Amino acid sequence: MDRKRVGVVGAGVSGLAACKHALDKGFSPVVFEADDTIGGVWAHTLQSTRLQAPTTSFRFSDLAWPASVTATYPGHGEVMEYLRLYACEFDLLKCIKFSSQVLGVEYFGATEEEIMEWKHWSGDDGKAFRAGKDGGWSLKVKDLKIGTIEIFQVDFLILCIGRHSGTPNIPEFPVNKGPEFFKGKILHSMDYSYMDNAAEFVKGKSVTIIGSGKSAFDIAAEVAKVNGAAQPCTMIYRTKHWRVDKFSMWGVNLNYFYLNRISQLFVHKPGEGFLHYMLASALSPLRWAITKVIETYLKQRIPLQKHGMVPDYSFSFAMSSCLIAMLPKGFYDRVDDGSIILKKSKRFSFCSDGINLEDGNESIKSDIIILATGFRGDQKLRDIFTANWCRNIVAGSSDTSVPLYRECIHPRIPQLAIVGYSESLTDIYVSERVANWVIHFLAGGFQMPSVRRMEESVAEWTKYKNLYNGKYFRRSCISTVNIWFNDLLCQDIGCNPRRKEGFLAEWFQPYGPADYAGLF
């Protein structure tokens, strides 16, 4: 069999998984990485960052964590060592072109008009490659070390560029109220995470952090550790989120409530039949009761009520929307001792010496303002395409989820997969499963259904995300239906989706990456 040219953009978790599985199937992938190291977001993050899930959940299916790592939630350095171990164990580094920035990609072999008329993906009965026809992707790549630009062509392209890096989300402000009026220093959390001397940068300064996501909590904890109560750090938030200090309740891992097969019966699922629909409806009161017990436990364990940080949405919604994150160690101790000041405000504006909170008519003087306001993953995805028709359709519209069949294939963009765009409680879990599925498809293991059927499936998953992700539907979180999703992938490639031994284990033990080791 003629092995086609496979290109991968990005050497983070998703890119490494795609590269490994491609090698397993006899391909010789080329991985383009703009950085000089592997790891993606893990290569440039806060020193205090640790895993948001136990090592049993954050791992590749075919490589356990080394016995020397004993922490349940290892830190940034240990995660990077694990990723390096994976790259070395499967000889992936030989495939990676470091310091190679992909400036743009463009499809060749058919026009937009021809592609839109295809009834089958790639125009050839749903196969990965167009038999006997030219078609593929042209990549414009810049060597960041010497500045030269080279054109590469591949038969199939896998984008593993992530959505939590690269393109900062900078809020828009009314005229005369924007950051241009602030006389101090302002930066995004991405810039802060790249600093080698972050502690010196904030030492002795009045620091204000905008945001309530994971990075906002982590940065606030780091600044408070440096400056203490003598120079408190202010964190301005609009939305309160569930933050936990461990992923268990009375010693029972929360995965037993949300990530085993029995828990899948409690929620409506994309494409479910009548029986599953009736079961989910009948069991919804039990799901509500479990959620209330967990919320009560967390409010007793963590001083959320004391500091007015109880979220306005349920814990089960947080789980289904991937809004759960780990609290930095001792965070609320820092709040109690005055090192961190929490301020809720829906609107704010800049002034010459800080921030004006428009809700309470209050001003906060600041030397440094850090915008922990997330990233524009959709824009990052659009920007990598040269052709406008790809840019216009790849990420969908603002009122729909990203239209990817099996969370990775756009029904109207041929010979391309996007891996690592959908979220779960640990992104490595869903990314590796999707990467394995894509490579099995490339190797001829199965064919895509018709474009019409793919679009119908996308619509079914969009309906699910609107129901269980609410206004966060564009995060494409599939955490609480991850097993249902994995079952579909297993059925496509022809392997048994039931991965446990015994009835009780199959239904009640949590599923994780290790359950999918050695699928073939």
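**Helix α6, then the cysteines**

A: Happy to; keep in mind that this is a predicted model. Let's begin with the length of helix α6, which covers residues 214-227. At 1.5 Å a residue, its 14 residues should span 20 Å, and the end C-alpha atoms are 20 Å apart, so the two values agree.

Now for its surroundings. Of the 14 residues of α6, 10 are buried, so the helix is largely enclosed by the rest of the structure. Among the buried residues are A216, F217, D218 and I219, and N227 also belongs to this group.

The link of C322 and C477 is right-handed, with 75 degrees about the S-S bond. C322 sits in the loop between α9 (315-320) and β14 (325-326), and C477 in the loop between α14 (451-469) and α15 (482-493), so the pair ties together parts 155 residues apart in sequence. C322 and C477 are both buried.

C95, by contrast, is in no disulfide: the nearest cysteine sulfur, from C19, is 3.9 Å away. C95 is buried, with a relative accessible area of 9%. C408 is in no disulfide either, as the nearest cysteine sulfur, that of C160, is 10 Å away. With 1% relative accessibility, C408 counts as buried.

Technical notes: Residues are numbered from 1 along each chain as its sequence is written. This is a predicted model: local features need pLDDT of at least 70, side-chain atom pairs count only at pLDDT 80 or more; totals for chains, interfaces and linings use all residues. Side-chain values use heavy atoms; hydrogens and water are left out. Helices (H or I, at least four residues) and strands (E, at least two) are DSSP runs, numbered from the N terminus. The expected span of a helix is 1.5 Å times one less than its number of residues. Buried means under 20% relative accessible area, exposed over 50%, partly exposed in between (1.4 Å probe, protein chains only). A disulfide is a pair of cysteine sulfur atoms within 2.5 Å.
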